[in-house]
Amino acid sequence: MSSIDRSQSVGGTRTYEVRTYGCQMNVHDSERLAGLLEDAGYVRAPEGADAADVVVFNTCAVRENADNKLYGNLGHLAPKKAARPGMQIAVGGCLAQKDRDTIVKKAPWVDVVFGTHNIGKLPVLLERARVQEEAQVEIAESLEAFPSTLPTRRESAYAAWVSISVGCNNTCTFCIVPALRGKEKDRRPGDILAEIETLVAEGVSEITLLGQNVNAYGSDIGDREAFSKLLRACGKVEGLERVRFTSPHPRDFTDDVIAAMAETPNVMPQLHMPLQSGSDTVLKAMRRSYRQERYLGIIEKVRAAIPHAAISTDIIVGFPGETDEDFEQTLHVVREARFAQAFTFQYSKRPGTPAAEMDGQIPKKVVQERYERLVALQEEISWEENKKQVGRTLELMVAEGEGRKDDTTHRLSGRAPDSRLVHFTKPDQEVRPGDVVTVEITYAAPHHLLAEGPVLDVRRTRAGDAWEKRTAEKEGKAAQPAGVLLGLPKIGVPEPLPVAASGCGCD
């Protein structure tokens, strides 16, 4: 969970806080919620506020304890709300879409409940709850408007999410997301490219194309090669230096996409390809439309076309019916694929999914033992793969806030083209987030690299200029938040793949 917006009353203006749980889609949605609230006149105060006038929970329903976390946090806010007349609490996202009226029954002090399809209604629902003095529950069953038409406060001056589709047409037996996000809906390519061009004009130099099943893009508009065409079109946007995407599905990962990645210079040599299991038997039970041979074949083709590609994955341990032999097949794929990173999950039973009712639920002790073996193997491989980077000269995009120890180590941090995190010696000249530095890698750890020698080159960029301008505006207007609020088209901001999770664990 991350809290991206935190506030308290500022000069009599109502303030807001958005607490975000779950996947990149939710992070992007939270930026939209923040944009909607600011468009309606709310403001965000500096970090450290005890409670805002409006607290919004953007929830996730993927993990088993999601409900407990939500109600625990709602309970913590109850006495604060009772002591603060006019304070409002809203709950949105996947758990709200799933539980609906249950939330108000369990936490009657909640003012608004809204779903994944109608986030644009939040300001109206808050006002209606205030005037009518009763909870407002409004859950749309289908998408009312593509979210990118909504106001958005993005949190970075140099990197942005660009949503190309919403929803998912898959029927994985462990996943509740399609039931909550709906069928896939694609944006028109022209709208996507117009948004990207607007972002670049504002100083953004890196974008991440975002979708629940991003490389299925085109199925809704009847073009099987739409995603590869979109990648190539991104390569023609002047000033766009880095293009990434998340999360694809092996079923839709075709040769034309691999070719587009290899032949488009600004598409980065990075691929997140969810595996979930290496066992054909388990993959069939999961209703995944590929098998081990197909998966490893994709990895082989990507490595042949893009030798330095860093490949990461998602893996579920302990799916119902998983035998020791099934688990060994997963370990086999991990050894063969040699992932740079793997986001590993212990199977979490979710009511409403077919897997929750399957026979052969695995005891927690067994799942834990398998999980620890998988993590240990992947740690070993990640370290070995990172050691191969030692001696390489890499261009890093300087990052903001990714090196938590940078102040004490007198280093800065940045991302390599393949998204590996690199901590580097701070040069004498000024370097801003969004600028690009060239360094030589001198040391490798399992989850990061070091460049301990002098920086070889610093390239000041328009993205760095945008960061500097935003920072100056923030310092000049102490009450103004750090984000960037724009008109249409609306935009978001990516983060590197998180340590604990990728996507929603169900791609």
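**A guided reading of the model**

Guide: At 10% relative accessibility, Tyr158 counts as buried, where buried means under 20% relative accessible area, exposed over 50% and partly exposed in between, with a 1.4 Å probe and protein chains only. This is a predicted model, in which local features need pLDDT of at least 70 and side-chain atom pairs count only at pLDDT 80 or more, while totals for chains, interfaces and linings use all residues. Residues are numbered from 1 along each chain as its sequence is written, and side-chain values use heavy atoms, with hydrogens and water left out.

Visitor: What share of the contacts in the protein with a separation of 6 or more comes from residues 24 or more positions apart?

Guide: The secondary structure of the protein comes to 15 helices and 23 strands, and buried residues make up 58% of its 507 residues. Among contacts with a separation of 6 or more, the share that comes from residues 24 or more positions apart is 75%.

Visitor: At which residues does UniProt place the feature "binding site", and what is the largest C-alpha distance?

Guide: The UniProt entry, which is unreviewed, places this feature at Cys23, Cys60 and Cys94; UniProt positions are given in the numbering used here, feature names are shortened, and annotations may be inferred rather than shown by experiment. Although these residues are spread over 72 residues of sequence, they cluster in space, and the largest C-alpha distance is 10.6 Å.

Visitor: Is Cys94 buried or exposed?

Guide: Cys94 is found in helix H3 (residues 94-99), whereas Cys23 has its place in the loop between strand S2 (16-20) and helix H1 (24-39). Cys23 is buried, with a relative accessible area of 9%. Apart from neighbours within four places in sequence, the residues in contact with Cys94 are Thr59, Cys60, Ala61, Thr116, Leu180 and Arg181. The relative accessible area of Cys94 is 6%, and Cys94 is therefore buried.

Visitor: Why are H12 and H13 described as roughly parallel to each other?

Guide: The axes of helix H12 (residues 324-337) and helix H13 (residues 364-387) come within 10 Å and cross at roughly 10°, the axes being lines fitted to C-alpha atoms, for helices over the stretch in contact, with angles that run from 0 to 180 degrees between N-to-C directions. Angles under 35 degrees count as roughly parallel, over 145 as roughly antiparallel, 65 to 115 as roughly perpendicular and the rest as oblique. H12 and H13 are therefore roughly parallel.

Visitor: Which residues of H13 make the contact with H12?

Guide: On the H12 side the contact is made by Asp324, Phe327, Glu328, Leu331, Val334 and Arg335. The residues of the contact divide into six nonpolar, one polar and five charged, where Ala, Val, Leu, Ile, Met, Phe, Trp, Tyr, Cys and Pro count as nonpolar, Asp, Glu, Lys and Arg as charged, and the others, Gly among them, as polar. The residues of H13 are Arg370, Arg373, Leu374, Leu377, Gln378 and Ile381.

Visitor: Which residues does Thr330 touch, not counting those up to four places away in sequence?

Guide: Thr330 is found in helix H12 and is buried, with a relative accessible area of 1%. Beyond four places in sequence, Thr330 touches Ser277, Gly278, Ser279 and Ile315.

Visitor: What angle lies between the planes of Tyr295 and Phe339?

Guide: A search of the whole structure finds six aromatic pairs; rings of Phe, Tyr and Trp (its six-membered ring) pair if their centres lie within 6.5 Å, and planes under 30 degrees apart count as stacked, over 60 as edge-to-face and the rest as tilted. Tyr295 and Phe339 form an edge-to-face pair, 6.4 Å centre to centre. Tyr295 lies in helix H11 (residues 292-305) and Phe339 in the loop between H12 and strand S15 (341-346), 44 residues apart. The angle between their planes is 65°.

How values were computed:
Helices (H or I, at least four residues) and strands (E, at least two) are DSSP runs, numbered from the N terminus. Contact means heavy atoms within 4.5 Å.
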